[in-house]
Amino acid sequence: LYTVKEYTGKPTMVLTNATLLDDPRVVRDLQAADHVACKLDAATDEVLRRMNRPVAGISLAGIVDGIVGLRQRYE
């Protein structure tokens with residue numbers, strides 16, 4: 001199977017809501033992208049719950065930690 005990058009020969013960009021950045025498989029797969037943009041929709045857990053209605057276990061602190069961790073590993 002070809003990836004989009006291999007198929008098109010163009011640079012790739014991923015826009016993510018960053019909720020799965022604690023999953024090593026997701027971080028590994030993001031390494032193939034030329035650019036990764038993480039969006040953050042809320043500044044508090046209350047607003048995050050109201051706006052995004054995340055599944056249980058997703059928190060603002062966890063999202064921020066995932067973004068920081070990705071930044072440390074992303075080349």
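User: In what order do the elements of the chain run from the N terminus on?
Analyst: This is a predicted model. Its chain has four helices and two strands. From the N terminus on, the order of these elements is α-β-α-β-α-α.

User: In which element of the chain is confidence lowest, and in which is it highest?
Analyst: The average pLDDT of the chain is 90, and 97% of the residues score at least 70. Helix α1 (residues 4-8) has the lowest confidence, with a mean of 86. The highest, at 95, belongs to strand β2 (residues 35-38).

User: Which parts does the salt bridge between Asp34 and Lys5 tie together, and how many residues apart are they in sequence?
Analyst: The two side chains, those of Asp34 and Lys5, meet at 3.0 Å, N to O. Asp34 lies in the loop between α2 (24-30) and β2, and Lys5 in helix α1, so the pair ties together parts separated in sequence by 29 residues. Asp34 is partly exposed because its relative accessibility is 30%, and Lys5 is partly exposed at 34%. The parts tied are thus the α2-β2 loop and helix α1, 29 residues apart.

User: About how many helical turns separate Arg50 and Glu46?
Analyst: Arg50 and Glu46 form a salt bridge, with their closest N and O atoms 3.2 Å apart. Arg50 is exposed at 57% relative accessible area, while Glu46 is partly exposed at 47%. Both residues are in helix α3 (residues 45-52), four residues apart, so the separation is about one helical turn.

User: What is the volume of the largest cavity?
Analyst: Searching the whole structure gives one cavity of 30 Å³ or more. Its lining includes Asn17, Thr19, Lys39, Leu40 and Ile63. The volume of this largest cavity is about 40 Å³.

How values were computed: Residues numbered from 1 in each chain as written. Predicted model: local features only at pLDDT ≥ 70, side-chain atom pairs only at ≥ 80, totals over all residues. Heavy atoms only, no water. pLDDT = per-residue confidence, 0-100. 1 Å grid on protein atoms, 1.4 Å probe; cavity = no way out; pocket = protein on both sides within 12 Å on 5 of 7 lines; lining within 4 Å. Points joined across faces, edges and corners; volume = space filled by probe spheres on them. Salt bridge = Lys/Arg side-chain N within 4 Å of Asp/Glu carboxyl O. Buried < 20%, exposed > 50% of the residue type's maximum accessible area, 1.4 Å probe, protein only.
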